[in-house]
Amino acid sequence: MALPSSATDWTEAHVKEWLTHIGFGSYGTLLCDVHKINGTALLMLSEKDLKSPPLSIEVLGDVKNLAVQLFLLRMRHEEKINKMGFPVSSKALLALPFPSKDAYGIPKKKLAAIINAKKEMDFSGAFIHQNGSNRHTRESSPEFVVDELNFFVSPADGNPTSPGMATHLDPEIGKTFLSITYFVVVTIITSLVMVTVHDRVPDMKKYPPLPDIFLDNVPLIPWAFDMCEVSGCLLLITWILVLVCHKHRIILMRRFFALTGTVFLLRCVTMMITSLSVPGSHLDCSPRPYGDIWAKLEKALEIWRGFGMSVQGVRTCGDYMFSGHTVTLTMLNFFITEYTPRRLYFLHTFTWILNLFGVFFILAAREHYSIDVFVAFYISSRMFLYYHTLANSRTLKQRDRYRARVWFPLFSFFEARIDGMVPNEYQMPWTYLSLASLNSYRRRWKKFLLKLWKHVGFSQARNLNSNVSDKEKPVVNHKRSKKKN
């Protein structure tokens, strides 16, 4: 008998067959014939149910091994259990073969240490005793169970079957295009604001630099700001390589432009609210007589084309609260570390060094106050973490969906169809040009055209029927008038 793919569709006979397959066939009569355990009831069983009346399984080894098998079964049907109203994230650990007191709050490192200790034990896997019978099945071997549990505790990067991973990962290119457009519009607004605040920069003779603990104790390094931008370029190149190799690059681009654009839009507000004095006496900052509005637009276009970088010949003053360079460095660093495998310690260390040294170079060049850099790093990192915490947690997204619509409408729009974490899978971009992909896109396009044709045809038929009825009405009235005459 072939088992249905979903355990919720199993009958008592299917459950009995599954128990036989994993080596617990002797309990088939107790669970299925006596207590009528079907697939749905099987998913709800816990270790406590196995030990307590009315089941009261007395063999401790069988209780533990069967509890582990039930746990793995629940992991494979996490989506079904969530829809039933029993979230796996909080309930499934009850089935682990460890003390129940540690089931809810056991740290990952501690749980991983227990599992690794079990892996180092002398498990032959060829003989497991249960009620005097021998079982040689692969799924009941300790190596298999430990591997799957270890996989759950430390999910491998890039495996979409891990708990919490998203099941719907449509690229949604239209939303990504809107995200890029939003970012471009924000950068244009930022350039205009930078021109405006430069006209409002305080007089350096009347308003000297403010006291700053870091700037007052670190000597000026003239070439430091150029090194900061070199660090940013290295991070940008690394991020582009990640996007090229990542399978879900469209989703990553959408998130990057949405988050970065939002932080820079907030920066426009803070720049306009308060104008701080120039942080370094070596800087040549004074209001510029731009003249008419077209001269200001031309200067804003120059800043926008040069990406606000000094190596591109862009020099601005007054845009201190908060540091745009720190925002860029921090966002690039966080996105690289989030969407690359955890085992790439060298890459993550390298990006963090570039981020921190870039911040140091900004301060050493006297381009910003320490508070500018601190606020920029804090806002960028908190915005990134808050966004991804909501995006990766279905429960939080469901609970805070109304609040997110008010305070972060872009999140509600861009992440509406993503129901979990984006797995770190890697695929070269030209694989989308394969024959199978082209056929898939052709089928989607044909389906869209068919729906459009049906809609247009239905509308035309309805209009034709209405025209015919309008034409027939006067004819009928005319005949009736003749009969009367």
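What percentage of residues 369-387 is helix, and how far apart are the end C-alpha atoms? The span is 95% helix and 0% strand, with its end C-alpha atoms 27 Å apart.

The model is predicted, so that local features need pLDDT of at least 70 and side-chain atom pairs count only at pLDDT 80 or more, whereas totals for chains, interfaces and linings use all residues. Residues are numbered from 1 along each chain as its sequence is written, and side-chain values use heavy atoms, with hydrogens and water left out.

Figure 1. Residues 220-244 are 84% helix and 0% strand, and their end C-alpha atoms lie 39 Å apart. Helices (H or I, at least four residues) and strands (E, at least two) are DSSP runs numbered from the N terminus.

**Figure 2. Second largest pocket.** The second largest pocket has a volume of about 1100 Å³, the volume being the space filled by probe spheres set on grid points that are joined across faces, edges and corners. A pocket is an open set of points on a 1 Å grid over the protein atoms alone, where a 1.4 Å probe fits, with protein on both sides within 12 Å along at least five of seven lines; lining residues have an atom within 4 Å of a point. The lining comprises 41 residues, and Phe264, Phe307, Gly308, Met309 and Thr328 lie nearest the centre. Two or more lining residues come from each of helix 10 (173-199), helix 11 (224-245), helix 12 (249-273), helix 13 (293-305) and helix 14 (324-338). Helix 11 gives the most, with 9 residues. By class, the lining holds 23 nonpolar, 13 polar and 5 charged residues, where Ala, Val, Leu, Ile, Met, Phe, Trp, Tyr, Cys and Pro count as nonpolar, Asp, Glu, Lys and Arg as charged, and the others, Gly among them, as polar.

Figure 3. The whole structure contains 1 disulfide, defined as a pair of cysteine sulfur atoms within 2.5 Å. Cys285 is joined to Cys317 with an S to S distance of 1.8 Å, and the link is left-handed, at -65° about the S-S bond. Because Cys285 lies in the loop between helix 12 and helix 13 and Cys317 in the loop between helix 13 and helix 14, the pair ties together parts 32 residues apart in sequence. Relative accessible areas of 6% for Cys285 and 5% for Cys317 class both residues as buried (buried, under 20%; exposed, over 50%; partly exposed, in between; 1.4 Å probe, protein chains only). Cys228 is in no disulfide, the nearest cysteine sulfur being that of Cys233, 9.5 Å away. Cys228 is buried at 1% relative accessibility, whereas Cys233 is partly exposed at 35%.

**Figure 4. Aromatic pairs.** The structure holds 19 aromatic pairs; rings of Phe, Tyr and Trp (its six-membered ring) pair if their centres lie within 6.5 Å, and planes under 30 degrees apart count as stacked, over 60 as edge-to-face and the rest as tilted. The Phe214 and Phe360 rings are edge-to-face because their planes stand at 85°, with centres 6.1 Å apart. Phe214 lies in the loop between helix 10 and helix 11 and Phe360 in helix 15 (residues 345-364), so this pair ties together parts 146 residues apart in sequence. Phe334 and Phe384 also form an edge-to-face pair, with centres 5.4 Å apart and planes at 70°.
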